[in-house]
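Keep the structure open as you read.

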Amino acid sequence: MTTMMLAEQARAPGKVNLFFAAGPPRPDGYHDVASLYCAVSAAETVTATLTRGDGIAVDVAAVPGSLLDQQIAAGTFSLDTVPTGAANLAVRAARAVLERFPRLIGGLHLRIDKAVPVAGGMGGGSADAAAALRAVNRLAARVSGEPALDDDVLRHLAAGLGADVPFALAGGAAVGTGTGAQLRPAAVGAPLHLVLVADTAGLSTPAVYAELDRLRAGADVPPPALPPELEPALARGDLGRAAPLLRNDLEPAALSLAPHLARTLALGEEAGALASLVSGSGPTVAHVLDGAAAAAALAERLRARGRPALAVQAP
Ligand code: ATP
């Protein structure tokens, strides 16, 4: 008898927030946001395999040449710090799907090929969750013979896993409101050329929000909203108009916790970047360059100086 290896693979992108406004803390501690998410061409891959056991085992590897791989080579990050048990978002995603296939027996193996820095503000864990939702859904449907969960159900499960997971499932570019999980697609007329610069340490998202609240204590914080001209300018591919409107409310908080990021942001101005901003809760910095050649040249220069850097397209 031959044993058939049953496996399914799915990818989900890392993201940058081209614009991010956070409102005051809500009574439940969360913040309402206005986020312009944009997927980048650095993606996570999850491969789900059925096993004979009954648990979920996880293996994590770094994609060669990725920002994460560069951080490991520089000795500033170790894959050992990524949780492989129930704390891993991909495991939580797999469980959420398996609950919908109660007749399925057996265990799972998840291989996560990571490209995105961990705790870098690029939604790497969220991308792992989104990719796991898709891979495990296809695998469970194939093995059980039952229909796969439809996109509405996957989106619902994604929202239950974290504010950034629905975007990782959708990809492209989107405006996120509420905690970020309510999405509508946004148009980007011409892909942006970014240089992502990873940091030596990670920043915890809750710590960055707490610092934001501390810095804003007593201030009158307006409800979060995108500048009205930003989406039309991006839709036209008018970067000259869009670039000065890019902003991240979490940046002052990230800078307060990691003051050396000011230096990383200044690298962009020196290189003629159209804009430079901290991605999400940081500490990864995204520089917006005028074209692929300029982006490739800056990334190369930074790598030559020992800084983990990567030119990517968005979306
Ligand atoms: P976001 O931008 O969505 O706030 P992030 O990109 O800053 O997130 P992640 O890499 O998603 O941060 O992970 C943050 C923390 O979550 C990690 O420090 C780690 O302990 C935990 N974690 C859970 N699952 C994963 C995963 N699959 N990959 C990486 N970290 C994970």
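This is a predicted model. Around the ligand, the residues of the shell divide into nine nonpolar, 11 polar and two charged. The shell holds 22 residues, and Leu89, Gly124, Gly125, Asp128 and Thr205 come nearest to the ligand. Two elements, α2 (89–98) and α3 (124–144), each give two or more residues to this shell. α3 gives the most, with four residues.

Now the domains. The domain assignment gives domain 1 (7–185) and domain 2 (192–314). Their C-alpha centres lie 22 Å apart. The contact takes 33 residues from domain 1 and 35 residues from domain 2. On the side of domain 1 that touches domain 2, β1 (7–25), β2 (31–51) and α1 (67–73) each supply at least two residues.

| Residue set | Nonpolar | Polar | Charged |
|---|---|---|---|
| Shell around the ligand | nine residues | 11 residues | two residues |

Where does the ligand lie relative to the two domains? Domain 1 and domain 2 both give residues to the shell, so the ligand lies between them.

Last, helix α4 (residues 151–161). Leu154, Leu157, Ala158 and Leu161 are buried in this helix. Seen down the axis of α4, these buried residues fall within an arc of 105°, so they line one face of the helix. They pack against α2, α3 and α5 (165–170). Two of these partners, α2 and α3, also give residues to the ligand shell.

Note on methods. Residues are numbered from 1 along each chain as its sequence is written. This is a predicted model: local features need pLDDT of at least 70, side-chain atom pairs count only at pLDDT 80 or more; totals for chains, interfaces and linings use all residues. A residue is near a molecule or strand if its C-beta atom, placed from the backbone, lies within 6 Å of it. Ala, Val, Leu, Ile, Met, Phe, Trp, Tyr, Cys and Pro count as nonpolar, Asp, Glu, Lys and Arg as charged, and the others, Gly among them, as polar. Domain bounds come from an automatic or database domain assignment. A residue is buried if 20 or more other C-beta atoms lie within 10 Å of its own, exposed if 12 or fewer, and partly exposed in between; C-beta atoms are placed from the backbone. The arc is that of the directions from the helix axis to the C-beta atoms. Two residues are in contact if their C-beta atoms, placed from the backbone, lie within 7 Å.
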